[in-house]
Amino acid sequence: MPSSFDQGAQTGVILTTALASFVTGWLFGVFTTRGYLISPGLAEERRRFHRDPVESDESDVDEDDSLLDHAPNWANGVQADRRQGLRADAAGAAVARAPSTGGGGGGLVDNGEECKLVLVVRTDLGMTKGKIAAQCSHATLACFKALSRAAPDSPQRKVLARWEALGQAKIAVQVKSQDDMLELRRRARALGLPAEVIQDAGRTQIEAGSMTVLGVGPAPRSLVDQVTGHLKLL
């Protein structure tokens, strides 16, 4: 029969082993988290991922520029957008446009239909997927702002509210040239539809002043289709 001394020794061994296992596991976890127990290549990859995240090689944001240089300025309105090259008139110049041109959907008719926004992208510029995504975002915001400036009880604001409530439908289509894009904008404004062209600042992939994306809408589906219904999806 084991003596009390033997039982105490066994208990001591068990406790010592458990404590050693706990300390070893804790140290292993700490060293692994800090990258001491993994290969130098993997450690470097993890450091880059956690400390210097990059969206993709197609990112449209320069390291030396602020994000506000790449997006329509909500606070300062149309004039600020044009100074930053994010809106253009028919000739491509960054100048103010009179309200009577209908660029903000001033003659928009609310017929009660489901509404959509069509983003017309130029494919002749060779933009990457990331660049296209950024330019489409600019166009979406520009069109939203154009309608949001209208009076609260106006057809424009009713159309905007219905578009927001029903999921903000957006469709991307393609054109082959700037002339085609400007012709589509002319047709859209003739129907009283919001139509905003984005003009690139030229900081990354394409020449400054290039017209990249036309936003048509948000507006009733049947009206928008009169302008863009024949275009191929992007």
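This note sets out points on the fold, the helix packing and selected residues of the structure above.

1. Basis of the model. The model is predicted, so that local features need pLDDT of at least 70 and side-chain atom pairs count only at pLDDT 80 or more, while totals for chains, interfaces and linings use all residues. Residues are numbered from 1 along each chain as its sequence is written, and side-chain values use heavy atoms, with hydrogens and water left out.

2. Overall fold. The protein has seven helices and four strands, where helices (H or I, at least four residues) and strands (E, at least two) are DSSP runs numbered from the N terminus. From the N terminus on, the order of elements is α-α-α-β-α-α-β-α-β-β-α. Of the 234 residues in the protein, 36% are buried; buried means under 20% relative accessible area, exposed over 50% and partly exposed in between, with a 1.4 Å probe and protein chains only. Contact means heavy atoms within 4.5 Å. Among contacts between residues at least 6 apart in sequence, 73% join residues at least 24 apart.

3. Helix 5. Which residues of helix 5 are buried? In this helix, residues 155-165, they are Gln156, Val159, Leu160, Arg162 and Trp163. Seen down the axis of helix 5, these buried residues fall within an arc of 165 degrees, so they line one face of the helix; the arc is that of the directions from the helix axis to the C-beta atoms. They pack against strand 1 (115-122), helix 4 (129-148), strand 2 (170-175) and strand 4 (211-220).

4. Helix 4 against helix 5. These two helices pack at an angle of about 135 degrees, and their axes are 8 Å apart. Axes are lines fitted to C-alpha atoms, for helices over the stretch in contact, and angles run from 0 to 180 degrees between N-to-C directions. Helix 4 and helix 5 are therefore oblique to each other; angles under 35 degrees count as roughly parallel, over 145 as roughly antiparallel, 65 to 115 as roughly perpendicular and the rest as oblique. On the helix 4 side, Thr140, Phe144, Leu147 and Ser148 meet Gln156, Arg157, Leu160, Trp163 and Glu164 of helix 5. By class, this contact has four nonpolar, three polar and two charged residues. Here Ala, Val, Leu, Ile, Met, Phe, Trp, Tyr, Cys and Pro count as nonpolar, Asp, Glu, Lys and Arg as charged, and the others, Gly among them, as polar.

5. Backbone after helix 5. Just after helix 5, Gly167 takes a positive phi of about 100 degrees. Gln168, in the loop between helix 5 and strand 2, has a positive phi of about 55 degrees although it is not a glycine. Gln168 is partly exposed, with a relative accessible area of 33%. Most residues other than glycine have a negative phi, and most peptide bonds are trans.

6. Is Gln174 buried or exposed? Gln174, in strand 2, is buried, with a relative accessible area of 19%. Its side chain is joined to that of Lys176 by a polar contact of 3.5 Å (a pair of N or O atoms within 3.5 Å; within protein, one must be able to donate a hydrogen and the other to accept it, and residues adjacent in sequence count only if both atoms are side-chain atoms). Leaving aside neighbours within four places in sequence, Gln174 is in contact with Val121, Thr123, Leu231, Lys232, Leu233 and Leu234. Lys232 is found in the segment after helix 7 (221-228) and is exposed, with a relative accessible area of 65%. With the same exclusion, Lys232 is in contact with Val173 and Gln174. Lys232 and Val175 are 57 residues apart in sequence and 8.1 Å apart in space, C-alpha to C-alpha.

7. Val216 lies in strand 4 and is buried, with a relative accessible area of 0%. Beyond its neighbours within four places in sequence, Val216 is in contact with residues including Lys116, Cys143, Leu193 and Val224. Pro218, also in strand 4, is joined to Gly217 by a cis peptide bond, with omega about -5 degrees. In helix 7, Leu223, Val224, Val227 and Thr228 are buried. Seen down the axis of helix 7, they fall within an arc of 115 degrees, so they line one face of the helix. What covers them includes strand 1, helix 6 (178-190) and strand 4.
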